[in-house]
Amino acid sequence: MMPSPVPERSDGVPVARRGRKPDPIAADVGHAHRAWLESVRARLRASGLTLDELVVLTGFSKTRISELLRGNGYYPGWEITFSIIKALEIPAWPMRRLWTAAAQEAKKQPAWIQRSIDRVLPIEREHQPTAHQGFVQLMAGAYTAYARAFLLTDQRAQWVVAETFDILWLCWDEAATSESAPRFGWRLLRSRVLARAHRHPEGHVDLRAAALSAQTQQESTDLAERLSNIDELVPLFDAIGRLPRDQQDITVLRYLCGIDAETVPDVVGLTPAAARAIDGHARAALADIYRHRQTRE
């Protein structure tokens, strides 16, 4: 029997059988750093390349590559990062934005970031997949409103949404061939938002601070009225933070962000019937939480 041919990448490099997985990402890696690092590790697993093959393709030592993949040591420069993503055929344009954001998160000075970028020849701006571009235009408003509900400021919300769309660009082929690209994108956004959301001591997402920036608070100019509103809103927002994920998502989009009920299913990637059922369960759950609260009081 003839042996099976060894598969090749598009650049002709043989794809070896997968070796040992890299060690886990270091626990102290920041959220932005982890975001692009997880994408690189996923692409490495899918490629079948070994660390030894990355050494050959990049020219960097196995130790340095291994440290980069684990997030150990100092934040990696753009030169080694670019060498690895080039070997893995990862789009460099969105990746450089992700790398830069993570460098800022790691407290790297602007001069260090620019010097690191300048060590690599300028990269040509890659063609953004048309479908991805349309997806971004369609979802940007709802995604930003959702992120703002948890992260409270426009700047933080826009930053996380931009991160989500760049990661989605890196894995757009996977998203496009999934059962539902909107569902794939929504789960990615939710993971990026909740990774940064404030947590209640009991472990669930803490939305109580969002009550202070709720629309009713912004519209009221009477201090006594605002304080009264806060007393009513804080328990409600706390209850929303305790809902199961899908119920919480639809509640936040519909009642905190003001997204139209007919639009919500398209945003979260669910059928209208499923979204209506989840909305009903959420309202029943909130009523139940209130009843238990009143019983305790």
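**Entry 1: R254 and D279**

I began with R254 and D279, whose side chains meet in a salt bridge, 2.7 Å from N to O. I then checked where the two residues sit. R254 is in helix α13, and D279 is in helix α15, residues 272–296. The pair links distant parts of the chain, 25 residues apart. I keep in mind that this is a predicted model.

D279 has 5% relative accessibility, so D279 counts as buried, since the cut-off for buried is under 20%.

How many salt bridges does the structure hold? I found 13. Side chains of opposite charge can pair when their charged atoms come close.

Next I looked up E163. E163 forms a salt bridge with R196, and their closest N and O atoms are 2.9 Å apart. E163 lies in helix α8, while R196 lies in the loop between α10 and α11, so the pair ties together parts that are 33 residues apart in sequence. I noted burial as well. E163 counts as buried at 4% relative accessibility. R196 counts as buried too, at 12%.

Then I turned to R242 and E202. Their side chains meet in a salt bridge, with 2.8 Å from N to O. R242 is in the loop between α12 (223–241) and α13 (245–256), and E202 is in the loop between α10 and α11. The pair therefore ties together parts that are 40 residues apart in sequence. R242 is partly exposed at 33% relative accessibility. E202 is exposed, with a relative accessible area of 58%.

I also found a network of salt bridges. It links R183, R190, D246 and D249.

**Entry 2: aromatic rings**

How many aromatic pairs are there? The count comes to 12.

I took W36 and Y75 from the list. Their ring centres are 6.3 Å apart and their planes stand at 85 degrees, so the pair is edge-to-face. W36 is in helix α1, and Y75 is in the loop between α3 and α4. This pair links distant parts of the chain, 39 residues apart. Both W36 and Y75 are buried.

I compared Y143 and F165 next. Their centres are 5.4 Å apart and their planes are at 15 degrees, so this pair is stacked. The cut-off for stacked is under 30 degrees. Y143 lies in helix α7 (residues 130–151) and F165 in helix α8, so the pair ties together parts that are 22 residues apart in sequence. Y143 and F165 are both buried.

Y143 and F165 also belong to one aromatic cluster.

K108 lies over the face of W112, at 4.7 Å from the ring centre.

**Entry 3: helix α1**

I returned to the helix that holds W36. Helix α1 covers residues 31–47, which is 17 residues. From first C-alpha to last, α1 reaches 24 Å, close to the 24 Å expected.

Which residues of α1 are buried? They are A32, H33, A35, W36, L37, S39, V40, R41, L44 and S47.

G48 follows α1, and its phi is positive, near 80 degrees.

Notes: Residues numbered from 1 in each chain as written. Predicted model: local features only at pLDDT ≥ 70, side-chain atom pairs only at ≥ 80, totals over all residues. Heavy atoms only, no water. Helix = DSSP H or I, 4+ residues; strand = E, 2+ residues; numbered from the N terminus. Expected span 1.5 Å × (residues − 1). Buried < 20%, exposed > 50% of the residue type's maximum accessible area, 1.4 Å probe, protein only. Salt bridge = Lys/Arg side-chain N within 4 Å of Asp/Glu carboxyl O. Phe/Tyr/Trp six-rings, centres within 6.5 Å; stacked < 30°, edge-to-face > 60°. Lys NZ or Arg CZ within 6 Å of the ring centre and 35° of its normal.
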